[in-house]
Structure formats: structure tokens, C-alpha cells
Amino acid sequence: MMEWYEAIILGLIQGLTEFLPVSSSGHLEIGKVLLGVETTDDLLFTTMVHAATVLSTIVVFRRQILDLLKGFFRFSNNDQTDYVLKIAVSMIPVLIVGLFFKDDVEAMFGSIRVVGIALVMTAVLLFFSDRASRPGSSSIFPVKEYRNGISYWQAFAVGLGQAFAVIPGLSRSGTTISTGLICGVKRDVMAQFSFLMVLVPILGETFLEVVGGEFGASSVGGTALMLGFVSAFLSGLFACRVMMALVKKAKLSWFALYCLIAAAAIFIFA
């Protein structure tokens with residue numbers, strides 16, 4: 001049974017790393033190993049703390065979300081409808097993974113070696129996208145002006161990145177932001193799109209876990225689940241605001257270096 005303090009610590013890890021391009025799922029697995037928490041067959045805790053950080057995203061972007069919903073339900077070809085449809089397109093790949101490859105994905109959790117390999121992949125993506133997005137660099141896909149700053153094919157490409165990021169250790173925010181930057185999306189546009197596109201998939205997964213009776217089957221107690229949720233939510237509020245500023249200005253290659261160091265520690269000590 002997970003202790004209350006372990007739930008708080010893991011919630012903090014989730015909240016602080018969800019928006020930083022260093023893989024929250026990978027760090028959760030590392031945290032579980034360090035704390036000696038055995039939850040390899042119980043993904044409800046992981047789902048709940050992910051839902052908490054999604055709630056923090058909703059709080060941070062509440063004005064933008066309300067504007068999108070108001071515009072979308074006018075049922076006209078406005079900017080808000082265009083943006084919502086592009087988010088919907090970005091969700092297609094992860095929907096396919098969730099429907100047909102859920103068992104394969106769950107089998108990867110609990111393997112710290114998989115986390116190490118995926119962290120190396122995250123580092124490579126971050127380093128390459130950082131160089132490709134620098135002013136004056138020769139990018140494969142040059143920046144073009146699209147409605148809302150992103151095209152439908154770019155949204156789908158970013159969605160492919162999100163689908164691969166279900167692997168623990170492969171950062172969701174790092175993969176989606178890197179994919180967008182490589183495809184020619186501007187940093188400020190990509191930061192917001194990356195955070196908003198995950199809302200529906202994570203909330204949907206949480207709903208299915210709860211409706212499917214996973215609370216009753218969970219080996220994690222209700223108190224630990226609640227404390228982990230609150231911890232992840234509060235730390236997520238902080239990290240979301242910080243990451244928005246970092247994506248616009250900071251070099252992603254610093255995060256790439258961190259991922260390589262974390263991966264090296266896993267290979268050496270695990």
C-alpha cells in the first residue's frame with residue numbers, strides 16, 4: 001500500500017515534470033523505484049496525477065479555453081473553430097494507440113531500462129529541434145504563416161509525436177514541442193498547442209478508469225490518491241507557467257543534457 005508521503009512526493013514529481021520536456025511518466029517510474037513503491041500493475045495513480053496536471057492546465061489557460069468553446073459553438077468558420085478542429089486532428093494518433101495498443105503500452109511501465117532508452121530519445125529530439133528552430137538555421141520545414149500559426153498537417157505530425165510519447169521516459173511535452181518546432185511551428189504557438197492538445201485524451205482516460213471501476217480494483221488507497229492528485233495539481237500550476245516562459249526563450253538543449261544525465265544514471269545504477 002502506498003504511504004501518504006509517497007503519494008505527495010510522486011504527485012510533486014508528476015506536477016513539476018509534466019510541463020518540462022523531461023518526461024513525467026519516466027520520472028514517476030524513477031520515483032517509484034527510489035521510494036520502493038510497487039504499482040506496476042496499477043495505473044490508476046498515474047492516471048489520476050496526470051489528470052491533476054491537466055486540471056492545472058485548464059486553470060492556467062481558462063480564458064483561452066472559454067474563448068475557444070464560445071467560438072466553436074457559434075458553428076461558423078472562425079479562428080476558434082479552426083483551432084479546435086486542429087486539436088481534434090492531433091488526437092487521432094493517440095486515439096488509435098489507446099484503442100489498439102493499450103496492453104502493449106501498459107507492459108512498458110515498470111521497466112526502468114525502457115525509461116532510460118526513452119530519455120535518450122527525448123534528449124536527441126530536444127537537441128535537434130533546438131538547433132532547427134534557431135533564427136537563421138536551415139530547418140527541414142521552414143516557418144510559414146498558417147491560420148492560428150499551425151496547419152492541419154503540422155497538427156497531425158505533432159499528434160504522432162504525442163502517440164509515441166506514451167512510452168515512459170519519452171517526454172510528451174518535449175516530443176510534441178520538438179515535433180512542432182521541426183515542422184516549422186513557432187515556439188509560442190507550439191507551447192500553447194502542446195498543452196491544450198492533451199486535455200481531452202487524459203480526461204477521457206481518467207473518466208474511463210473511474211467508470212470502469214478501477215478505484216475498487218486499485219491497490220492505492222483513496223487517501224493516497226487524493227493527496228497525490230492535490231500535490232500534482234499545485235505543482236503543475238507552477239510548472240505550467242514556468243514552462244510557457246521557458247519554451248519561448250530558453251534553449252531546449254539544456255533539458256536534453258539533463259535527460260542524458262538521468263539516462264546515464266539509470267544505466268549505471270539500475
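This is a predicted model: local features need pLDDT of at least 70, side-chain atom pairs count only at pLDDT 80 or more; totals for chains, interfaces and linings use all residues.
Visitor: How many salt bridges does a search of the whole structure find?

Guide: Side chains of opposite charge can pair when their charged atoms come close. A salt bridge here is a side-chain nitrogen of Lys or Arg within 4 Å of a carboxyl oxygen of Asp or Glu. The search of the whole structure finds five.

Visitor: How far apart in sequence are the parts tied together by arginine 147 and aspartate 79?

Guide: Arginine 147 and aspartate 79 form a salt bridge, with the closest N and O atoms 2.7 Å apart. Helices are DSSP runs (H or I, at least four residues), numbered from the N terminus. Arginine 147 lies in the loop between helix 8 and helix 9 and aspartate 79 in helix 5, so the pair ties together parts whose separation in sequence is 68 residues.

Visitor: Is aspartate 82 buried or exposed?

Guide: Aspartate 82 is in helix 5 (residues 79-90), and its side chain meets that of lysine 86 in a salt bridge (2.8 Å, N to O). Relative accessible area, from the Shrake-Rupley method with a 1.4 Å probe and only the protein chains shown as cover, sorts residues into buried (under 20%), exposed (over 50%) and partly exposed (in between). Lysine 86 has 2% and is buried. Aspartate 82 has 6%, so aspartate 82 is also buried.

Visitor: Which residues does aspartate 82 touch, not counting residues up to four places away in sequence?

Guide: Contact means heavy atoms within 4.5 Å. On that basis, and with residues up to four places away left out, aspartate 82 touches Arg147, Asn148 and Tyr152.

Visitor: Where does glutamate 145 lie, in the salt bridge with lysine 186?

Guide: The side chains of lysine 186 and glutamate 145 meet at 3.3 Å, N to O. The pair links distant parts of the chain, 41 residues apart: lysine 186 is in the loop between helix 10 (172-182) and helix 11 (187-196), and glutamate 145 is in the loop between helix 8 and helix 9.

Visitor: Which helix gives the largest share of the lining of the second largest pocket?

Guide: The largest share, four residues, comes from helix 4.

Visitor: Which helix gives the most to the nonpolar patch?

Guide: A nonpolar patch joins side chains of Val, Leu, Ile, Met, Phe, Trp or Tyr within 5 Å, from residues with over 30% relative accessible area and no salt bridge. This one covers about 920 Å² and includes Phe100 and Phe164. Helix 6 (92-100) and helix 9 (152-164) each supply at least two residues. The most, five residues, comes from helix 6.

Conventions. Residues are numbered from 1 along each chain as its sequence is written. Side-chain values use heavy atoms; hydrogens and water are left out. Patches are made of residues with over 30% relative accessible area and no salt bridge: like charges are joined within 9 Å, nonpolar side chains (Val, Leu, Ile, Met, Phe, Trp, Tyr) within 5 Å. Buried means under 20% relative accessible area, exposed over 50%, partly exposed in between (1.4 Å probe, protein chains only).
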